[in-house]
Every structure is written in C-alpha cells, then in structure tokens.
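This report describes the architecture and selected side-chain arrangements of one protein model. The structure is shown first, and the description follows.

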Amino acid sequence: MDCRDVRILIIVEGQSDKGFLEAVLKRLNVEFKILQQRGNRPEKAARMIKAESERSYFDKIIVVKDLHKLEIDLIDEHLNEIKRLLPQDLRSRTKTLIVRRSIESWILCGFRELKKELDRNPEELDDPEAVLKELLQRKGRQYFKSWGKAFHMGKEADIEEIRANCRTFDQFLSLMRDPQ
C-alpha cells in the first residue's frame, strides 16, 4: 500500500486506538496525524477536525469509532452528525469507520498464537479486550488499555494477518488507499 503522497488525519476514541494505529501506520509508511477525541460528542470531533485542518491540509480524514456493545445505528448517527457539522470541503474528504467491538479485535488478529486459541473471529467476540487480557495472562504477559502497550503490540502485529481476518481493518486500509 502506498499512501506516502497522501496526508491523512485520523480521529480515534482512546489511547489504545491511537497507540496501535500509530505503530501500524508508521510500518506502512503512511503520512498521518492521529487525534484522540476523548468523549462521544460529535460537536467536539467536528471542532477538532476543523481546527486541525486550519493548521495543516489533509487529503483525507478518517473518523474511527469502536462499536463496543452499542447498537450500530447509534454509532452511525454519531458519525453522520460529525460529518453534518463539517463544512462541505471537509465533509467531502471525511470517511468514517466502525470497528467491530474494539481495536483489541484487530490486535487479537495480529498475533497468530493468540488467534488460534479462539473459537471464532475476534471481530465476533462480545468483549475482545477481556479476551486479549485473559489470553495474554495465560502466557505470563499483561494487557491494559494504554498508548504504550497498544503501540508495542502494533509494532509486532502481523499486519497481513489482521487484514486477512478483520474485515473492518481491511476496510480501514481501503479507506486510506481510496483516491477519493
């Protein structure tokens, strides 16, 4: 994937989302900036996008939202509201993505030794974060939501394995490659 000539602004919810994606995107040689939304207010996300776009030009803006245990319609409404609050020039460059449950499903897919202990795709788990913690504990390791832990795992995850097994990660990569 070659996104070196494209500047991408990515809005995420939490520190672990930010850490994991920063590590993965650096490995893919993508020119990006990631901002953490902190909270669920569409107005705040729209303000962040506007403010950052005044400082720098971004060819593409991607808002990534975890599904967790919420209804997909509620998340769709939230993402549509963010886009509605943006001026047309930013709206046309803004794409949205709902991660099935949480970023930890992507992390689970990136480590074959963890994924093989599952009876289904990590995106189908109700609580991938709890499963990741449990599997790592069995191996004498720890996982807790933090930028550093997620960044470290993003540096070591098998990106092709994630792409092949997590539909939403593949969609994320497609959004970055898509010329529009």
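In this predicted model, ring pairs join Trp106, Phe169 and Phe172 into a cluster. The structure as a whole holds four aromatic pairs. One of them is formed by Trp106 and Phe172, whose ring centres are 5.9 Å apart and whose planes stand at 45 degrees; the pair is therefore tilted, since stacked pairs need planes under 30 degrees apart and edge-to-face pairs need over 60. This pair connects distant parts of the chain, with Trp106 in helix 5 and Phe172 in helix 10 (residues 167-177), 66 residues apart. Trp106 is buried, its relative accessible area being 0%, and Phe172 is likewise buried at 0%.

A further pair consists of Trp147 and Phe151, with ring centres 4.7 Å apart and planes at 15 degrees, so this pair is stacked. Both residues belong to helix 8 and lie four residues apart, about one turn of the helix. In an α-helix there are 3.6 residues a turn, so residues three or four places apart point the same way. Trp147 is partly exposed, with a relative accessible area of 33%, whereas Phe151 counts as buried at 14% relative accessibility.

The accessibility values of individual residues discussed in this report are collected below.

| Residue | Relative accessible area | Class |
|---|---|---|
| Leu85 | 24% | partly exposed |
| Trp106 | 0% | buried |
| Cys109 | 0% | buried |
| Trp147 | 33% | partly exposed |
| Phe151 | 14% | buried |
| Cys166 | 0% | buried |
| Phe172 | 0% | buried |

Which residues of helix 8 are buried? In this helix (residues 147-156), they are Ala150, Phe151, Met153 and Gly154. Viewed down the helix axis, the buried residues of helix 8 fall within an arc of 165 degrees, so they line one face of the helix. The cover over these residues includes helix 1 (15-27), helix 5 (103-109) and helix 7 (128-138).

The model also contains an open sheet of four strands, arranged in the order 2-1-3-4 with parallel pairing. Strand 2 (31-36) and strand 4 (94-99) form the edges, each pairing on one side only. On average, neighbouring strands of this sheet are turned by 20 degrees against each other, direction ignored. Strands of a sheet pair through backbone hydrogen bonds, either parallel or antiparallel. Within this sheet, strand 1 (residues 7-12) and strand 3 (residues 60-66) pair in the parallel sense over four bridges. Ile8 has Lys60 in strand 3 as its bridge partner. Helix 1 lies across strand 1, strand 2 and strand 3, and runs at about 175 degrees to strand 2.

Leu85 is located in the loop between helix 3 (72-84) and helix 4 (88-91). Leaving aside residues up to four places away in sequence, Leu85 touches Pro42, Glu43, Ala46 and Lys50.

Turning to the cysteines, a search of the whole structure finds zero disulfides. Cys109 is buried, with a relative accessible area of 0%, and Cys166 is also buried at 0%.

Definitions and conventions. Residues numbered from 1 in each chain as written. Predicted model: local features only at pLDDT ≥ 70, side-chain atom pairs only at ≥ 80, totals over all residues. Heavy atoms only, no water. Disulfide = S-S within 2.5 Å. Buried < 20%, exposed > 50% of the residue type's maximum accessible area, 1.4 Å probe, protein only. Helix = DSSP H or I, 4+ residues; strand = E, 2+ residues; numbered from the N terminus. Contact = heavy atoms within 4.5 Å. Arc of directions from axis to C-beta. Pairing = 2+ DSSP bridges. Axes fitted to C-alpha atoms, helices over the stretch in contact; angles between N-to-C directions. Phe/Tyr/Trp six-rings, centres within 6.5 Å; stacked < 30°, edge-to-face > 60°.
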